[in-house]
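Dear colleague,

I am handing over a structure that you have not worked with before, and I would be grateful if you would look through it with the notes that follow.

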Amino acid sequence: MLNPIVHWDLIVSDAKKAKAFYGALFDWRFDESTFPGYTVIDVGEEGRGGGMMQRPADAPGCSLNTYFGVDDIDGTLAKAVERGATVLVAKTEITGIGYWAMFLDPDGIPMSLFEPVSQA
């Protein structure tokens, strides 16, 4: 796998306000029916959509999280740590969809990983 960007999330301070802003700015459409507390963002036919959620109290701040597709989150996290990364979120299941994890690279940049549920 070439590890493309497969998803992104906006972690915002006020989801209602952010939806109004981005909806008016980019004509994005929002779907709140997939997961409680999480909004799926449809950016239209020409782009890869993402998601939006209210910033959890324990999150360090608002952010744009980028998810890179991997075949093996555990192996990728191990490689990242060997090279100086710090794991923020260990491999976490997204029921029926796959797994995600997050680390800080050596410069402190947050990066997320996504491993889809096996199609086998």
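What is the volume of the largest pocket? The model is a predicted one, and in it the largest pocket has a volume of about 790 Å³. Its lining is made up of 25 residues, and those that lie nearest the centre of the pocket are Asp 9, Met 53, Asn 65, Tyr 67 and Trp 100. The elements that each give two or more residues to this lining are β1 (5-12), β5 (63-69), β6 (86-94), β7 (98-104) and β8 (110-116), and the largest share, four residues, comes from β1. By residue type, the lining of the largest pocket divides into 19 nonpolar, four polar and two charged residues.

The second largest pocket holds about 290 Å³ of space. It is lined by 15 residues, of which Val 70, Thr 76, Lys 79, Ala 80 and Leu 113 are the closest to its centre. Helix α2, which spans residues 73-82, gives the most to this lining, with four residues. The lining of the second largest pocket divides into seven nonpolar, four polar and four charged residues.

Asn 65 has its place in strand β5, and because its relative accessible area is 8%, under the 20% cut-off, Asn 65 counts as buried. Its side chain is joined to that of Ser 63 by a polar contact of 3.1 Å. If residues up to four places away in sequence are not counted, Asn 65 touches His 7, Trp 8, Asp 9, Ile 11, Met 102 and Ser 112.

Is Cys 62 buried, partly exposed or exposed? Cys 62, which lies in the loop between β4 (50-54) and β5, has a relative accessible area of 44% and is therefore partly exposed, since that value falls between the cut-offs of 20% and 50%. Leaving aside neighbours within four places in sequence, Cys 62 is in contact with Ile 11, Val 12, Ser 13 and Arg 55. The C-alpha atoms of Cys 62 and Val 6 are separated by 20 Å, and these two residues are 56 apart along the chain.

As for the aromatic rings, the count comes to seven aromatic pairs. One of them is formed by Trp 8 and Trp 28, a tilted pair with 5.4 Å from centre to centre and 45° between the planes. This pair links distant parts of the chain, with Trp 8 in strand β1 and Trp 28, 20 residues apart from it, in the loop between α1 (15-26) and β2 (29-35). Trp 8 is buried, with a relative accessible area of 15%, and Trp 28 counts as buried at 15% relative accessibility.

Another pair is that of Tyr 67 and Trp 100, which is edge-to-face, with 6.1 Å from centre to centre and 65° between the planes. Here too the pair links distant parts of the chain, for Tyr 67 is in strand β5 and Trp 100 in strand β7, 33 residues apart. Tyr 67 is buried, with a relative accessible area of 7%. Finally, Trp 8, Phe 21, Tyr 22, Phe 26 and Trp 28 form one aromatic cluster.

With kind regards

How values were computed. Residues numbered from 1 in each chain as written. Predicted model: local features only at pLDDT ≥ 70, side-chain atom pairs only at ≥ 80, totals over all residues. Heavy atoms only, no water. 1 Å grid on protein atoms, 1.4 Å probe; cavity = no way out; pocket = protein on both sides within 12 Å on 5 of 7 lines; lining within 4 Å. Points joined across faces, edges and corners; volume = space filled by probe spheres on them. Nonpolar A, V, L, I, M, F, W, Y, C, P; charged D, E, K, R; others polar. Buried < 20%, exposed > 50% of the residue type's maximum accessible area, 1.4 Å probe, protein only. Contact = heavy atoms within 4.5 Å. Polar contact = N/O pair within 3.5 Å; in protein donor to acceptor, adjacent residues only side chain to side chain. Phe/Tyr/Trp six-rings, centres within 6.5 Å; stacked < 30°, edge-to-face > 60°.
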